[in-house]
Amino acid sequence: MTTAYIGIGSNEGDRLANLALALGALADLPDTHVRAASLAYETEPAYHMDQREFANAVVELDTRLEPEQLLRHLNAVEDEMGRVRTIENGPRVIDLDILTFGDEEISTPDLTIPHPHLLERDFVVTPLLAIAPRLHLPDGTRVTHDGATIGLIVDELGPIPDLGRFVNEPVLAPDWVPVAESARENDVVAGWDAHLMFQREALEEAGIPFAWDPYEPETSMDPFGLPARFQLLVPVADVARASRLLAELETAEVVYPEEFAGEEAE
């Protein structure tokens with residue numbers, strides 16, 4: 001599985017509804033799992049100024065698709081949602097861009113990865129850093145707000161509608177298996193568990209794909225209140241490796257990240 005970040009934007013019709021439809025389409029792509037999505041932001045138009053402000057967000061995917069396959073699927077989603085390409089950088093019902101694709105660097109007539117304008121676009125950098133604050137490009141460049149002066153954020157629009165449902169889909173998939181969980185009654189801060197976060201960090205550092213059930217804690221995606229239990233899931237193919245890793249953590253002297261050390265000690 002490769003982690004890819006997708007920029008999504010809309011400035012025609014019901015912009016948030018369009019983002020939700022696009023997110024649903026991403027969740028339905030073959031061999032692909034939506035891991036996270038940023039809040040939606042209202043942003044200034046970029047490059048072509050005589051148009052309505054956009055709603056933008058960034059989505060994190062795990063996928064087994066090849067970059068060119070992913071691009072074809074994104075173009076198909078744009079076409080199915082009625083995008084008409086008449087003015088470059090002009091109004092559009094939906095825009096889907098591959099920002100990064102793992103550590104790959106690609107330059108073909110149809111596809112450039114990382115996206116060549118990623119670092120200059122505030123409407124990309126701000127939501128991207130919200131879900132991947134330590135992201136570096138394949139050449140080692142760290143993604144920061146420095147230089148992101150085009151398409152500035154003007155307002156926060158909140159979560160993409162139905163975001164939790166789309167991120168929840170791996171729970172129903174037979175090829176994703178829970179390997180760790182945290183019950184709310186045992187948590188230190190209303191459903192947030194420092195130990196579960198530490199386990200997530202270990203999976204990430206080991207390069208093991210993971211998903212949350214029902215969603216990542218503290219992302220404010222559930223309008224009906226916190227669920228009773230959060231789980232970490234991994235693909236069936238990675239269960240043995242993840243289980244060994246988490247078992248080793250249980251027997252090791254755990255040193256929690258500084259930001260969680262105080263919570264764990266309570």
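R35 counts as buried, at 14% relative accessibility (buried is under 20% relative accessible area, exposed over 50% and partly exposed in between, with a 1.4 Å probe and protein chains only). The model is a predicted one, so local features need pLDDT of at least 70 and side-chain atom pairs count only at pLDDT 80 or more, while totals for chains, interfaces and linings use all residues. Residues are numbered from 1 along each chain as its sequence is written, and side-chain values use heavy atoms, with hydrogens and water left out.

R35 has a charged partner: D62 forms a salt bridge with R35, with 3.5 Å between the closest N and O atoms (a salt bridge is a side-chain nitrogen of Lys or Arg within 4 Å of a carboxyl oxygen of Asp or Glu). The two sit in distant parts of the chain, 27 residues apart, with D62 in strand β4 and R35 in strand β2 (helices, H or I with at least four residues, and strands, E with at least two, are DSSP runs numbered from the N terminus). D62 is buried too, at 2% relative accessibility. Side chains of opposite charge can pair when their charged atoms come close.

The whole structure holds eight salt bridges. In another of them, R92 pairs with D95, the closest N and O atoms being 3.0 Å apart. R92 is buried at 9%, and D95 at 12%. Then there is R200 with E201, at 3.1 Å between the closest N and O atoms; R200 has a relative accessible area of 9% and E201 one of 11%. Shared partners tie R134, R200, E201 and E204 into one salt-bridge network.

S10 is buried, with a relative accessible area of 0%. Its side chain makes a polar contact with the side chain of N18 at 3.0 Å (a pair of N or O atoms within 3.5 Å; within protein, one must be able to donate a hydrogen and the other to accept it, and residues adjacent in sequence count only if both atoms are side-chain atoms). The S10 side chain also reaches the backbone oxygen of E12, at 3.5 Å. Leaving aside neighbours within four places in sequence, the contacts of S10 (heavy atoms within 4.5 Å) include R15, L19, F54 and R92.

As for packing, the largest nonpolar core has 31 residues, and I8, L19, L26, V59, L70, I98 and I160 touch the most other members (such a core is a set of buried Ala, Val, Leu, Ile, Met, Phe, Trp, Tyr and Cys residues joined through side-chain atoms within 4.5 Å). Among the elements giving two or more residues to this core are β1, α1 (15–27) and α2 (67–80), and the largest share, six residues, comes from α1. Another core lies apart from it, with 15 residues that include Y5, L99, L129 and V143. L70 touches A4, I6, L29, L61, L65, I98 and F101, not counting residues up to four places away in sequence.

Strand β3 (residues 40–43) is covered on both faces: A40 and E42 on one side, Y41 and T43 on the other, are all buried. Four bridges join β3 antiparallel to strand β8 (residues 153–158), where A40 has G158 as bridge partner. Three bridges join β3 to β4, also antiparallel, and T43 stands opposite F54 there. Strands pair if DSSP finds at least two bridges between them.
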